[in-house]
Amino acid sequence: MKRSITIRVVAAVVVIVLAAGTWITSGKVDAGWMRFFSAAVLIATLILAAWDLWLWRLGLVQRIPGVPRCLRGTWQGTLTSFWIDPATGKSPPPKTVYLVVHQTATLVTVKLFTNESRSTSTLAAVSAVDSAWTLAYLYLNRPDMHAEPRSRMHHGSTVFDVSGSPAMRLTGRYWTDRDSKGQLEFTRHHHKLADDFLEAATYFA
């Protein structure tokens, strides 16, 4: 809906500018070409929708500077927590986790599945700084019921460095409002989008 409104506003501005230009140069407004306005808006909408949903992901297009790096799909990796268990004085062992990236050319949402919780992004962006791509997001983590006594719901943030073109590896760190932090690394990728931990595991079995 927002994309359609934007296209209409831009098209209307173009029409006004062209009309003003013809009036200034010829002293009259030739509105005959305005009958193509609706068709132009429809074509522009279809082209932009195709770009946003599909065209930007093509291999050749991905090489164009400024086009967001495509991270879409399910990633398998390892979470290493730096949290120290007071009972043992040690950090928990690394665990296998799955990162699911839903992405278009303009929007990205991220989910992280572990064997006892899921995190969903509340704000996310893929951006480039000095030709180096990063994925950064804020998230809300909701633990499964059996894990709630030792792992309450919390907020956090994650920043990944993206390696490879196409993307081959994601490495980064996370921080939470429970004063915990850790490291994440993802090296295996599948094009499908998993809905939960068990489904994601089947993609890499």
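For the classes used below, Ala, Val, Leu, Ile, Met, Phe, Trp, Tyr, Cys and Pro count as nonpolar; Asp, Glu, Lys and Arg count as charged; the others, Gly among them, are polar. Keep in mind that this is a predicted model.

**Stop 1: the largest pocket.** The largest pocket holds about 690 Å³ of space. Select Ser-81, Glu-116, Ser-151, Tyr-174 and Arg-178: of the 24 lining residues, these are the closest to the pocket's centre. Now colour the strands. S1 (73-81), S4 (117-129), S5 (132-143), S6 and S7 each give two or more residues to the lining. Which strand gives the largest share of the lining? S5 does, with 3 residues. Next, colour the lining by class. Expect 9 nonpolar, 10 polar and 5 charged residues.

**Stop 2: the loop between S6 and S7.** Select Pro-166. This proline sits in the loop between strand S6 (154-163) and strand S7 (169-176). Show the backbone and step back to Ser-165. The peptide bond from Ser-165 to Pro-166 is cis. Its omega is near 10°. For contrast, most peptide bonds are trans.

**Stop 3: the loop between S7 and S8.** Move on to Asp-179, in the loop between S7 and strand S8 (181-190). Check the backbone torsions here. Asp-179 has a positive phi of about 60°, although it is not a glycine. Most residues other than glycine have a negative phi. Is Asp-179 buried or exposed? Asp-179 is exposed, because its relative accessible area is 77% and the cut-off for exposed is over 50%.

Methods: Residues are numbered from 1 along each chain as its sequence is written. This is a predicted model: local features need pLDDT of at least 70, side-chain atom pairs count only at pLDDT 80 or more; totals for chains, interfaces and linings use all residues. Side-chain values use heavy atoms; hydrogens and water are left out. Helices (H or I, at least four residues) and strands (E, at least two) are DSSP runs, numbered from the N terminus. Buried means under 20% relative accessible area, exposed over 50%, partly exposed in between (1.4 Å probe, protein chains only). On a 1 Å grid over the protein atoms alone, a cavity is a set of points where a 1.4 Å probe fits but cannot get out, and a pocket is an open set with protein on both sides within 12 Å along at least five of seven lines; lining residues have an atom within 4 Å of a point. Grid points are joined across faces, edges and corners, and a volume is the space filled by probe spheres set on the points.
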